[in-house]
Amino acid sequence: MVVPYHAEPATDFTKEENKKAFREALEQAKNDFGVERPIIVGGEHIETEDKITSYNPSDKEQVIGHVSKATVEHIDQAMEAAEEAFESWSEWDPKERAELFIRVAAIIRRRKHEFSALMVHEAGKPWNEADGDTNEGIDFIEYYARSMMELADGKPTLDREGEHNRYFYQPMGPGVTITPWNFPFAIMTGTTVAPVIAGNTVLLKPARDTPLIAYKLMEVLEEAGLPKGVVNFVPGDASVIGDYMVDHHKTHFITFTGSKATGLRINERAAVVQEGQDFLKRVITEMGGKDTIIVDKDADLDLAADAIVNSAFGFSGQKCSAGSRAVIHKDVYDEVLKKSIELTEELTVGNPVDETYMGPVISKKQFDTISEYIEIGKEEGVLKIGGEVDDSKGYFIQPTIFADLDPKARIMQEEIFGPVVAFAKAEDFDEMLKIANNTEYGLTGAVITNTREHWHIA
């Protein structure tokens, strides 16, 4: 029987003792600023001359640390190490693999503020967002480990006379995990440990902007006793090693979270059977989103405004699940817009070390892209609040609301991945649904209504 697990609770930062503990963790994290971290292949720590430098997006001149870059030669070595480790790791009792990772979760839980504090510095995450990121990573580990315990014995089958059937799961082999910067611990951890708990081995390529938090996971895996070569840490330039990892004839699967363009490229390349490859590669990709919040005419308008603002501007809108479109019934449009502007005026923007609601966007590249979309928004709609950008110290963009958008406008259709939300007016519920479904994206969404028939339809 599997012991039930309850989700890791959020830290209550209204309590002074929790605030004090987190401030101490933020200060402690500074002791490692400028640190140099190796790649890890088959358990061997390898320093390379070429490095990735991780900067604080709140203070763009501040170096958080350096991480060695893997080359294609290192990828070949890592594949060999992963293939060798797979032979024994895949034979472990699934429950023993699961128990090892429950130990991993326990270690991270004890060091939770340490992980979250690093994300505040390296990713520009506000306190609550960083805390939630760490908690979600712990939950992923616990969930996959406990699920493996349930799946270890396979599933029951029905036998006809003279038959003995078995339904069981078996590992595939080495694979590649390519992770994003916006959930640098949770998604990185989840997409790495899930295949590993199932008995596979992994080459982990973390996001270029947040490699240090990924290295912290490697520290814990080593501390917990994960055999060498089961997870190989290979940060590097996507232009150098990305395609090579995907194309590699020993890559059995790829998990990826990131942009639509890169995800489609991975799917296309992974479909090619390489020389020496006697299997089809499995690909799991999570790509972009253009998520809509629908507000019906009978909705709780205070709830609606709060949902729009927090969904659009939490972690500066840098989530594929962020609400970037608000589609409002014409009867309540003006009031919801007004309430949303008022709530936005209360938000604080700045270095998240100082407990601001919003921190910076992750990089100069993202800053420039979002700034361009704000200029597009000024041509397509009415700027109601925000629109100011400042990269003199860090990459800061004020929370921005555009109103009166055509449903086909670019900022209603294209993923901005920043603190920008577009408002559009609709005649009735049917039109709101039509607008919500008029993009190429499909990820999350919300319907705020008090009409039962409407939320059943949605």
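Biologist: What percentage of the 458 residues in the chain are buried residues?

Modeller: In this predicted model, buried residues make up 54% of the 458 residues. A residue counts as buried when its relative accessible area is under 20%.

Biologist: What makes Thr257 buried or exposed?

Modeller: Thr257 has a relative accessible area of 10%. The cut-off for buried is under 20%, so Thr257 is buried. Its place is in strand β9.

Biologist: Which residues is Thr257 in contact with, leaving aside its neighbours within four places in sequence?

Modeller: Thr257 is in contact with Ile178, Thr179, Pro180, Ile187 and Glu286. A contact here requires heavy atoms within 4.5 Å. Glu345 is 88 residues from Thr257 along the chain, and their C-alpha atoms are separated by 33 Å.

Biologist: Why is Ala307 called partly exposed?

Modeller: The relative accessible area of Ala307 is 25%. Partly exposed covers what lies between the buried limit of 20% and the exposed limit of 50%, therefore Ala307 falls in that class. Ala307 sits in helix α10, residues 301-313. Apart from neighbours within four places in sequence, Ala307 is in contact with Ile293 and Ile448. From Ala307 to Ser324 is 17 residues in sequence and 11 Å in space, C-alpha to C-alpha.

Biologist: What makes the phi of Glu355 worth a remark?

Modeller: Most residues other than glycine have a negative phi. Glu355 is not a glycine, yet has a positive phi of about 65 degrees. Glu355 lies in the loop between α11 (333-345) and α12. With 33% relative accessibility, Glu355 is between the two cut-offs of 20% and 50% and so counts as partly exposed.

Biologist: What is the phi of Asp404, and where is Asp404 found?

Modeller: Asp404 has a positive phi, near 60 degrees, and is a residue other than glycine. Asp404 is found in the loop between β16 (400-403) and α13 (410-413). Its relative accessible area is 47%. Exposed would require over 50%, so Asp404 is partly exposed.

Biologist: How do you know that the radius of gyration agrees with a compact globule?

Modeller: For 458 residues, a compact globule would have a radius of gyration near 23 Å, and the chain has 23 Å, so the value agrees. The C-alpha trace spans about 65 × 65 × 45 Å along its principal axes. The chain has 15 helices and 18 strands.

Biologist: What share of the contacts with a separation of 6 or more comes from residues 24 or more positions apart?

Modeller: Such residues account for 78% of those contacts. As for the surface, the accessible area of the chain comes to about 20700 Å², with 48% belonging to carbon and sulfur atoms.

Biologist: How much space lies in the largest pocket, and which residues are closest to its centre?

Modeller: The largest pocket holds about 1400 Å³ of space. It is lined by 48 residues, and Trp181, Asp209, Ser259, Lys365 and Gln366 are the closest to its centre. Elements that give two or more residues to this lining are β4 (51-56), α8 (238-247), β9 (253-257), α9 (260-270) and α12 (364-380). The lining divides into 20 nonpolar, 15 polar and 13 charged residues.

Biologist: Which element gives the largest share of the lining of the second largest pocket?

Modeller: That element is α5, with four residues. The second largest pocket has about 500 Å³ of space. Of its 22 lining residues, Arg97, Met148, Tyr169, Gln170 and Ala198 lie nearest the centre. Two or more lining residues come from each of α3 (94-110), α5 (127-151) and α6 (186-197). By class, the lining has 13 nonpolar, five polar and four charged residues.

Biologist: What makes a space a cavity and not a pocket?

Modeller: A 1.4 Å probe fits in a cavity but cannot get out, whereas a pocket is open. The structure holds one cavity of 30 Å³ or more. The largest cavity has about 90 Å³ of space, and 15 residues line it, with Gly317, Lys319, Ala322, Ser324 and Phe417 nearest its centre. Six of the lining residues are nonpolar, five polar and four charged.

How values were computed: Residues numbered from 1 in each chain as written. Predicted model: local features only at pLDDT ≥ 70, side-chain atom pairs only at ≥ 80, totals over all residues. Heavy atoms only, no water. 1 Å grid on protein atoms, 1.4 Å probe; cavity = no way out; pocket = protein on both sides within 12 Å on 5 of 7 lines; lining within 4 Å. Points joined across faces, edges and corners; volume = space filled by probe spheres on them. Nonpolar A, V, L, I, M, F, W, Y, C, P; charged D, E, K, R; others polar. Rg over C-alpha atoms; globule rule 2.2 N^0.38 Å. Buried < 20%, exposed > 50% of the residue type's maximum accessible area, 1.4 Å probe, protein only. Areas by Shrake-Rupley, 256 points an atom, 1.4 Å probe, with all protein chains shown as cover.
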